[in-house]
Amino acid sequence: MTIVSTCCPFGLSNVTKCINFVQIKEAKTMVKYNFKKITVVPNGKQFVDIVLSRTQRQTPTVVHKGDRICKLRSFYMRKVKFTESNFNEKLSAIIDEFPRLKEIQPFYEDLLHVLYNKDHYKLALGQVNTAKNKISKIAMDYVKLLKHGDSLYRCKCLKVAALGRMCTVMKGIGPSLAYLEQVRQHIARLPSIDPNTRTLLICGCPNVGKSSFMNKVTRADVAVQPYAFTTKSLFLGHTDYKCLRYQVIDTPGLLDREIEDRNIIELCSITALAHIRAAVLFFLDISGSCGYTIAQQASLFHNIKSVFKNKPLVIVCNKTDLMPMENLSEEDRKLIEEMKDEAMKTEMGASEEAVILEMSTLTEEGVMFHVAMPKSRDDQERLPCIPQVAGEKEKRKTEKDLEDENGGAGVYSASLKKNYILAKEEWKDDIIPEICDCHNVADFVDSDILNRLEELTSEESLRKAEEEEVGFEIEGEELTEKEKNDLAAIRKKKALLIEESRLKKSNAQNRAAVPRKFDKDKKFTRKRMGRELSSLGLDPSSALNRARSKSRGRKRERYDDLSNDAMDVDVNDDEQHKKKKMCLRSKSRSLSRSRSVSRPPHEVVPGEGFKDSSQKIKAIKIGHKSHRKRDKAARRGEADRVIPSLKPKHLFSGKRGNGKNQRR
């Protein structure tokens with residue numbers, strides 16, 4: 001359905017004739033400016049990071065000290081030239097993509113000047129161009145110096161200096177790049193106005209109904225509020241009339257004051273009125289509800305009438321629902337007549353009916369909508385027809401429908417087997433066998449395994465009970481009732497200790513043993529053990545002696561004791577000799593352990609082949625001198641990584657054709 005919106009057909013048709021005449025007279029090609037395609041401008045630091053990372057990625061990164069000097073020079077010259085070309089490419093793109101004020105339409109030139117101050121704009125682009133030329137000169141100078149570089153170190157220093165100076169230049173224009181990025185973001189939001197196409201330009205005081213009319217006749221959605229300066233920039237819409245497309249521009253409201261006192265919002269409207277060849281619709285609020293009287297609005301009209309020259313002008317008397325034209329006073333009517341006379345004086349002056357229009361954007365009186373409908377070819381009524389096949393077709397249930405019917409998500413589980421193509425439908429729900437080592441796992445599963453487990457558990461419990469009854473026999477002898485009670489108490493205590501130890505392990509309390517002097521609780525002492533054993537009716541003397549012997553260290557046998565034992569007549573001479581040997585061996589072992597393992601470097605160890613320590617010191621000095629020169633030169637040594645084949649065979653073997661072999 002096509003919606004054609006017009007205001008008073010006889011009025012707009014005359015405006016259309018005027019616009020078409022202007023278009024034929026100017027005979028200009030239609031040019032559209034799309035500022036949304038301008039590339040994002042990075043700041044100085046981002047610019048440097050982008051270019052240097054590209055240089056690192058797209059140029060060779062390995063050079064050897066032993067290469068020829070011409071190869072070293074070309075390696076670093078390539079890096080400098082590549083960096084300079086990247087900077088130039090990006091800076092040239094910025095200069096070319098941003099509009100040049102002298103080459104664009106005067107409307108956009110003045111609009112950019114109003115919004116951003118064209119002096120600052122030109123200065124920022126000029127600094128970018130200067131930086132581009134500086135980088136080119138720096139690259140040229142350092143390439144000349146690199147041609148005469150005499151070493152790897154000199155060439156590398158020149159490359160670093162060249163790239164450093166380029167980055168310094170880029171960081172110097174950081175504020176200009178930030179300003180251009182802000183300009184790019186702002187002009188990308190400007191409407192794409194074509195200054196050379198058929199245009200209706202709406203102007204007038206604030207809050208007189210301009211945006212409401214714009215929303216009625218176009219598909220634009222301009223904010224409408226009951227206060228002044230709701231519209232703060234130019235808004236663009238399109239409408240069709242008699243198969244022709246018109247662009248409609250809604251401008252911010254104007255106040256009756258000098259051009260020097262106007263703000264940026266008002267200057268946008270003045271710029272559009274001054275440069276765009278369009279039919280001007282000057283809106284007049286005859287009810288005075290906008291806050292301005294007809295006299296104030298007429299004063300504004302006469303103040304800006306110079307920009308209406310050579311343009312079709314229509315005075316739109318809006319809000320007739322609040323104040324009809326018949327109820328106006330004589331003074332107001334006289335002011336409207338003066339405005340009508342000024343409109344008739346324009347070059348494209350039309351009839352009186354086309355100059356003044358009456359309308360109400362609220363009640364849509366005077367604003368008519370024509371909806372294009374197809375013409376009927378005859379008087380026969382044709383009802384919509386739905387094919388029978390389409391009506392009988394049942395909707396196939398999806399998995400989502402099945403899920404909703406069966407409890408929703410988390411309850412319903414989709415079956416993946418229902419779409420299996422099998423010979424019989426009942427096979428779909430069969431359990432798929434699990435195969436392991438070419439055997440079916442189901443063949444080895446016992447169905448009565450749970451019953452058997454219960455039988456084994458009961459049998460085990462019976463055996464434990466029998467063992468407890470028979471367990472009080474020691475070495476085939478039956479114990480008395482008192483001994484059985486004592487043994488039961490000991491086993492119970494042992495079980496409690498085991499349980500306590502397990503509990504400590506589970507609670508991460510299994511710490512290192514604390515020295516006895518710090519054991520304030522004194523849970524495990526010999527005296528306590530003796531008391532407990534005595535309370536059970538047992539003799540604790542042997543246990544205490546064994547505990548005492550374990551707590552004390554092993555008594556070291558001394559040679560003096562051996563000499564005293566030698567006086568004993570009961571000891572044989574052979575046993576005395578063996579004991580003496582063992583004592584001497586343990587003494588030598590203790591001496592070797594007490595001696596420190598480390599020794600001074602000049603100490604001579606038997607088997608090294610040195611006569612004395614002075615000879616060994618001299619040999620160590622000669623060894624140090626032998627590899628001192630090699631260490632200074634940082635040459636490859638025995639312990640360094642070695643690449644045995646510097647020329648891989650698959651690159652340097654095979655048939656060799658005629659010609660030079662330099663590039664192999």
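Is Lys-319 buried or exposed? In this predicted model, local features need pLDDT of at least 70 and side-chain atom pairs count only at pLDDT 80 or more, while totals for chains, interfaces and linings use all residues. Residues are numbered from 1 along each chain as its sequence is written, and side-chain values use heavy atoms, with hydrogens and water left out.

Lys-319 is buried, with a relative accessible area of 15%; buried means under 20%, exposed over 50%, and partly exposed in between, using a 1.4 Å probe and protein chains only. Lys-319 sits in the loop between β6 and α11 (330-344). Here helices (H or I, at least four residues) and strands (E, at least two) are DSSP runs, numbered from the N terminus. The backbone of Lys-319 has a positive phi, near 60°.

Asn-310 has a phi near 65° and belongs to the loop between α10 (294-303) and β6 (313-318). With a relative accessible area of 29%, Asn-310 is partly exposed. Lys-242, with a positive phi near 55°, is part of the hairpin of β3 and β4, which has two residues between the strands. These strands, β3 (residues 235-241) and β4 (residues 244-250), run antiparallel and are joined by seven bridges; two strands pair if DSSP finds at least two bridges between them. In one of these pairings, His-238 has Gln-247 of β4 as its bridge partner.

Beyond its neighbours within four places in sequence, Phe-282 is in contact (heavy atoms within 4.5 Å) with residues including Cys-203, Leu-300, Val-316 and Met-339.

A last stop is Glu-97, in helix α3 (residues 69-97), which is partly exposed at 32% relative accessibility. Glu-97 and Phe-35 are 62 residues apart in sequence, yet their C-alpha atoms are 8.7 Å apart in space. Leaving aside neighbours within four places in sequence, Glu-97 is in contact with Lys-37, Ile-38 and Thr-39. A polar atom of the Glu-97 side chain lies 2.8 Å from the backbone nitrogen of Thr-39.

Terms used: Polar contact = N/O pair within 3.5 Å; in protein donor to acceptor, adjacent residues only side chain to side chain.
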